[in-house]
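User: I'm new to this one and keep hearing about pockets. Could you show me how to read them?

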Amino acid sequence: MKIGLFVNTQFPQGNTVADRIPEIVQQVRAAKDAGFSSLWFPHHWLTHPLQMLQITPVMGYIAAHAQGMTIGPNILILPPQNPMHVAEESATLDVLTGGNYILGIGQGYRQPEFDAFGIPLSERMPRFNESIGLIKRLWTEDRVTHKGRFYTVNDAGIGVKPIQAGGPPLYIAAQADASVRRAARIGDAWLIVNSSGLGTIAPLMKTYRAALAEYGRTAREFPITVECYVGANHATAHEECRGPLEYKYNAYASWGLPGRKTETTFEDFARDKFIIGDKVSVKEEIARYREILGVDHFIMRCNWPGLPQEKTLATIKRLGEIFA
């Protein structure tokens with residue numbers, strides 16, 4: 001099994017973001033020292049009042065501190081962007097990481113982001129599909145001519161090709177049967193984000209594996225992104241991370257994702273979505289996720305807005321000990 005760190009680039013209003021950059025670097029170095037193999041970065045636009053650094057410059061900056069670790073977006077919102085731009089930047093990041101870049105992509109869901117780009121939300125799926133095909137061609141062909149529904153390239157090629165043959169692996173986020181099947185058909189892995197819980201993810205995993213068999217394809221791996229906190233004491237672990245997680249999910253609820261229902265306890269909300277406890281219980285939960293889903297790459301979110309740096313670093317160290 002592999003373990004990755006989901007790098008927090010979101011900060012509450014009132015934080016001086018420049019002061020947080022050394023903390024991010026410290027977390028990355030701690031993860032590298034603890035045996036983590038990958039780093040993953042979130043992506044959104046127009047997040048005010050939540051402050052959020054933009055993904056491509058941050059990944060390029062962090063690459064210098066993460067030699068040998070895999071880096072990728074989790075996830076890059078593809079449909080509002082021009083695929084030529086994504087192909088060029090991804091190729092550059094593949095070069096900067098020495099061929100250790102993965103392009104994690106998704107369709108997005110926030111109306112303000114699409115409106116700002118002048119892209120109808122209803123076009124996200126066809127744009128997503130056309131973009132993937134064009135990106136792969138730009139990575140692998142010297143000159144491309146493409147006249148599609150949304151994008152045109154006339155006998156031209158990108159300036160720098162990726163180091164990896166065929167380009168960086170494509171990890172595709174999906175949360176419904178049709179999109180999971182698409183991930184099996186055209187992606188190198190389904191990038192699971194466990195925001196809906198094991199009760200939703202487990203049947204989707206069956207759909208994914210059946211689709212892989214149907215299309216005669218093999219997944220590169222089975223990664224899952226999970227909120228995780230490893231405290232010194234199991235009895236107090238939930239309380240220690242409650243505030244930062246509630247802040248985050250209340251913000252996401254205001255963007256249109258289902259958030260915590262006020263009538264439920266935090267423990268009920270977290271059950272089968274988050275992995276929280278001491279080292280013993282977290283290790284047991286990781287084993288349970290692996291048994292239920294067959295996942296083999298745990299991407300841990302343990303550095304939310306408002307969580308003290310020392311608690312994040314302690315969780316990274318304890319996770320390294322668990323996976324060792």
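Analyst: On a 1 Å grid over the protein atoms alone, a pocket is an open set of points where a 1.4 Å probe fits, with protein on both sides within 12 Å along at least five of seven lines; lining residues have an atom within 4 Å of a point. This is a predicted model, where local features need pLDDT of at least 70, side-chain atom pairs count only at pLDDT 80 or more, and totals for chains, interfaces and linings use all residues. Residues are numbered from 1 along each chain as its sequence is written, and side-chain values use heavy atoms, leaving out hydrogens and water.

User: Which residues line the second largest pocket?

Analyst: Its lining is made of H234, H238, E267, A270, R271, D272, F274, I275, I276, S281, E285 and R288. Two or more of the lining residues come from each of α8, α9 (266-270), β13 (274-277) and α10 (279-293). Those labels are DSSP runs numbered from the N terminus: helices (H or I, at least four residues) and strands (E, at least two).

User: And what volume does the largest pocket have?

Analyst: About 660 Å³, where volume is the space filled by probe spheres set on grid points joined across faces, edges and corners. Of its 26 lining residues, I75, G108, Y109, A173 and Q175 are the closest to the centre. α6 (177-186) contributes the most to this lining, with 3 residues. As for the second largest pocket, about 180 Å³ of space lies there.
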